[in-house]
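This report covers a helix, a pocket and a sheet, in that order. Please read it alongside the sequence and the model.

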Amino acid sequence: MRILIVGAGSEIAENIVKYHVDNKDDVSIIDHPSNKNKLMIDTESVSKYFLDVNNYSEVNNFFDSLDKFFEKLYFLVGTNIFKDVFSVTNNDWDYVMDTNLKSFFFFSQFFAKKLIDSKKGGNIVCIGSQHGVVANGLRAPYCTSKGGLIHLTKVLALEYSIYNILVNCVSPTYMLTEKSKEFLNNSNVKKEFLTKIPLKKYVSPEEVADCCIFLNNSSSITGHNLIIDGGYSIW
């Protein structure tokens with residue numbers, strides 16, 4: 001099985017890579033060129049590529065140069081800008097929307113074309129957010145982009161269904177990572193965030209990765225947004 005993981009610098013990606021390497025799959029990862037010397041994934045069995053997914057020409061050239069197709073795509077790219085609605089600039093809006101939404105559309109388009117040419121079916125999973133379902137302050141571009149991503153998942157699932165390509169989304173709540181743990185474990189932050197989560201806990205990268213893997217191993221689930229939020233969106 002050929003696996004492509006985009007946005008390989010996250011702890012979610014590390015867990016997905018480990019699963020597929022252990023499963024003896026052919027794994028390739030993509031990350032931004034600026035992260036070339038920062039990736040924690042160093043296994044020799046993984047093929048590494050570096051490109052800017054916001055650059056249409058780079059993505060096009062990447063797929064044109066491939067002499068193979070991938071059967072599963074994990075698109076784990078995302079960015080955020082914390083500003084109130086009056087402080088968001090035109091460039092802020094475009095950057096977040098291009099990174100979180102537009103890049104996924106065109107990357108999945110190239111991925112699907114390659115898969116269709118091979119006459120094979122496959123799976124696509126992208127990363128959304130609980131903020132694509134419920135509103136949160138200081139995140140207008142982010143919330144909007146993730147809401148769009150969740151709906152785009154449904155549209156792509158519908159159009160790709162005739163080619164047996166399944167498309168799903170995973171939307172986590174606040175995630176406890178090495179980078180975020182100091183902030184999320186601050187007593188004031190915990191008081192504010194965990195009071196909104198009925199299960200009173202953050203989600204782990206391992207759990208998010210497990211949900212991504214589950215959906216990408218499915219043969220009957222498509223167009224679904226799997227929310228991992230401890231009940232945050234119940235309210």
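## Helix α3

Helix α3 has a kink of about 45 degrees, and the kink is centred on Asp-98. The model described here is a predicted one.

The helix covers residues 90-117, which makes 28 residues. At 1.5 Å a residue α3 should span 40 Å, and its end C-alpha atoms lie 38 Å apart, so the two values agree. After α3 comes Lys-119, which has a positive phi, near 60 degrees.

## The largest pocket

How much space lies in the largest pocket? The volume is about 1,700 Å³. The lining is made up of 46 residues. Those nearest the centre of the pocket are Ser-10, Leu-76, Gly-78, Thr-79 and Met-175.

Helix α3 is among the elements that supply at least two residues each to this lining. The others are α1 (11-22), β2 (26-31), α4 (140-160) and α5 (181-184). Four residues come from α1, the largest share of the lining. By residue class, the lining divides into 19 nonpolar, 17 polar and 10 charged residues.

## The sheet

Seven strands form an open sheet with parallel pairing, in the order β3-β2-β1-β4-β5-β6-β7. The edge positions are taken by β3 (46-50) and β7 (225-228). Each of these has a single partner strand, so one side of each is left without a neighbour in the sheet. On average, and with direction ignored, neighbouring strands of the sheet are turned by 15 degrees against each other.

Strands of a sheet pair through backbone hydrogen bonds, in either a parallel or an antiparallel manner.

Note on methods
Residues numbered from 1 in each chain as written. Predicted model: local features only at pLDDT ≥ 70, side-chain atom pairs only at ≥ 80, totals over all residues. Heavy atoms only, no water. Expected span 1.5 Å × (residues − 1). Bend = angle between axes of the 7 residues up to and from the residue. 1 Å grid on protein atoms, 1.4 Å probe; cavity = no way out; pocket = protein on both sides within 12 Å on 5 of 7 lines; lining within 4 Å. Points joined across faces, edges and corners; volume = space filled by probe spheres on them. Nonpolar A, V, L, I, M, F, W, Y, C, P; charged D, E, K, R; others polar. Pairing = 2+ DSSP bridges. Axes fitted to C-alpha atoms, helices over the stretch in contact; angles between N-to-C directions.
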